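Q: I have a structure open and have not looked at it before. Can we go through it together?
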Amino acid sequence: MPASLCERKGLLHLKRRVLPGLPLALGITLLYVGFIVALPLGALIYKAGTLGLEDYWRIVSSERAVASYRVTAGSAAIATAFNLVFGMALAWVLVRYQFPGKRLVDAIVDLPFALPTAVAGIALTTLFAANGWLGSPLASIGIPVAYTPLGIVVAMAFTSLPFIVRTVQPVLEDLDPALEEAGQSLGGSDWTIFRQVMLPLLAPALMAGVSLSFARSLGEFGAIIFIAGNQPMSTEITALLAFIRLEEYDYQAAAAIASVLLITAFVMLAVTNFLQARALRYTQRS
C-alpha cells in the first residue's frame, strides 16, 4: 500500500478517535441542549400556557405591552441597520487595510462580549448624559440621547455590533482577490464590483450577522435600563416589562410577555435561515 494512502487512512482514523464516539458525544450534546436550552424554554412556554387564550391575549395585547413591543422592535431595527452599515465597513477595514493600532481595534470589537451589560449601560449613560463627554455637545444641538428612545438604540447597537463584524470578517478574509481584479479588468467601477461580485458572496454571512444582531437587541436588558429612562409607553422595553411583572409576582403575565419575544426571535431566525439557504444556492450556481 502506498505510503501516502497509509498516511491518509491514519489521519482519518485519528480524526475519528480524537473526540468520543457517537453515542457519548451525542448524549453529551442532547444533555446540554435539554437542560441548558430546552428546559428553560419549555418552562416558559408551560407557564404561559397555563393562561387561557383570552387571558393570554389580554396580557400580550394590552396598551402598555404593545407600546413596549413598538419601542423594542423599532429600536432593534434601527440599531441593526446601523450595525449592518458600520459593521460591514469595520470588517472591511480590518481585513483589507494595515494601519497602526489595528490589533487594538480588532480586540475592542469583542469588548461588548466580555463587558457585563450593566457596566456597559452605566458607561454609556455616563458618556451620553446631558453633562457627559458625548451627551453634552449633542444636547447643545438639540439631540438628547440619555433617557430617550435614541439611548435605547445606542445601547442596542453597542452590544450587538460584534455579531455582524465577526460573521462577515472571516468571509472577507477567504474571498479571492482575483474576483475583484477580474471585475476591474472588465471595466467595472468599485461600486459595481462590490454590488454584483462581492455582495452576493457576503449575503449569507450578512444575513446571519443581521439576525444575530437583531435577536440580541430584542433580548438586551442590562445595557438599556440605565440609559433608557424606562418610562411606560415611551422608553420601556419588553424585557423590562416582563421583569416588572416578575417583581409583582405575576409570573404568568411575565411568561406571556416573554413568550412574545421568544416567538418573534424564532420566526425571525426561521426566515433568516430560509433566506440564507436561497442565497447559498444562488452563490453555488454562480
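Q: Let me start with one residue. Is Ser 160 buried or exposed?
A: Ser 160 is buried, with a relative accessible area of 0%. Keep in mind that this is a predicted model.

Q: Where does Ser 160 sit?
A: Ser 160 is part of helix H9, which covers residues 149-174.

Q: What does Ser 160 touch?
A: Leaving out residues up to four places away in sequence, Ser 160 touches Asn 83, Ser 213, Arg 216 and Ser 217. With Ser 213 there is a polar contact, side chain to side chain, at 3.1 Å.

Q: OK, stepping back. How many helices and strands are there in the protein?
A: The protein has 14 helices and 0 strands. Read along the sequence, the pattern is therefore α-α-α-α-α-α-α-α-α-α-α-α-α-α.

Q: What share of the residues is buried?
A: Of the 286 residues in the protein, 36% are buried. The protein exposes about 17,000 Å², and carbon and sulfur atoms supply 69% of that area.

Q: And the contacts, what share comes from residues 24 or more positions apart?
A: Taking contacts with a separation of 6 or more, 75% are between residues 24 or more positions apart.

Q: Back to the prediction. What is the mean pLDDT?
A: The mean pLDDT of the protein is 85, and 90% of the residues reach 70 or more.

Q: Changing topic: how many salt bridges does the structure hold?
A: The structure holds 6 salt bridges. One of them is between Asp 106 and Arg 166, where the closest N and O atoms are 2.9 Å apart. That pair links distant parts of the chain: Asp 106 is in helix H5 (residues 102-109) and Arg 166 is in helix H9, 60 residues apart.

Q: Why can such side chains pair at all?
A: Side chains of opposite charge can pair when their charged atoms come close.

Q: Which other salt bridge does Arg 166 make with an Asp?
A: Arg 166 also meets Asp 110 in a salt bridge, at 2.9 Å from N to O. This pair links distant parts of the chain too, with Arg 166 in helix H9 and Asp 110 in the loop between H5 and H6, 56 residues apart.

Q: How accessible are Asp 106, Arg 166 and Asp 110?
A: Asp 106 is partly exposed, at 26% relative accessible area. Arg 166 is partly exposed at 23%, and Asp 110 is partly exposed at 29%.

Q: What about Glu 248, which residue does it form a salt bridge with?
A: Glu 248 forms a salt bridge with Arg 245, and the closest N and O atoms are 3.0 Å apart. Glu 248 is partly exposed at 47% relative accessibility. Arg 245 counts as buried because its relative accessible area is 18%, and buried means under 20%.

Q: Next, Thr 238. Where is it, and is it buried or exposed?
A: Thr 238 lies in helix H13 (residues 238-247). It counts as buried, at 1% relative accessibility.

Q: Which residues is Thr 238 in contact with?
A: Setting aside neighbours within four places in sequence, Thr 238 is in contact with Ser 68, Tyr 69, Thr 72, Ile 257 and Leu 261.

Q: Last one, the surface. Which residues make the nonpolar patch of about 690 Å²?
A: That patch is made by Leu 31, Tyr 32, Val 33, Phe 35, Ile 36, Val 37 and Leu 39. Val 33 is in helix H2 (residues 22-49) and counts as partly exposed, at 38% relative accessibility.

Key:
Residues are numbered from 1 along each chain as its sequence is written. This is a predicted model: local features need pLDDT of at least 70, side-chain atom pairs count only at pLDDT 80 or more; totals for chains, interfaces and linings use all residues. Side-chain values use heavy atoms; hydrogens and water are left out. Patches are made of residues with over 30% relative accessible area and no salt bridge: like charges are joined within 9 Å, nonpolar side chains (Val, Leu, Ile, Met, Phe, Trp, Tyr) within 5 Å. Accessible areas come from the Shrake-Rupley method with a 1.4 Å probe; for residues, only the protein chains shown count as cover. A salt bridge is a side-chain nitrogen of Lys or Arg within 4 Å of a carboxyl oxygen of Asp or Glu. Helices (H or I, at least four residues) and strands (E, at least two) are DSSP runs, numbered from the N terminus. Buried means under 20% relative accessible area, exposed over 50%, partly exposed in between (1.4 Å probe, protein chains only). Contact means heavy atoms within 4.5 Å. pLDDT is the predictor's confidence in each residue, from 0 to 100. A polar contact is a pair of N or O atoms within 3.5 Å; within protein, one must be able to donate a hydrogen and the other to accept it, and residues adjacent in sequence count only if both atoms are side-chain atoms.
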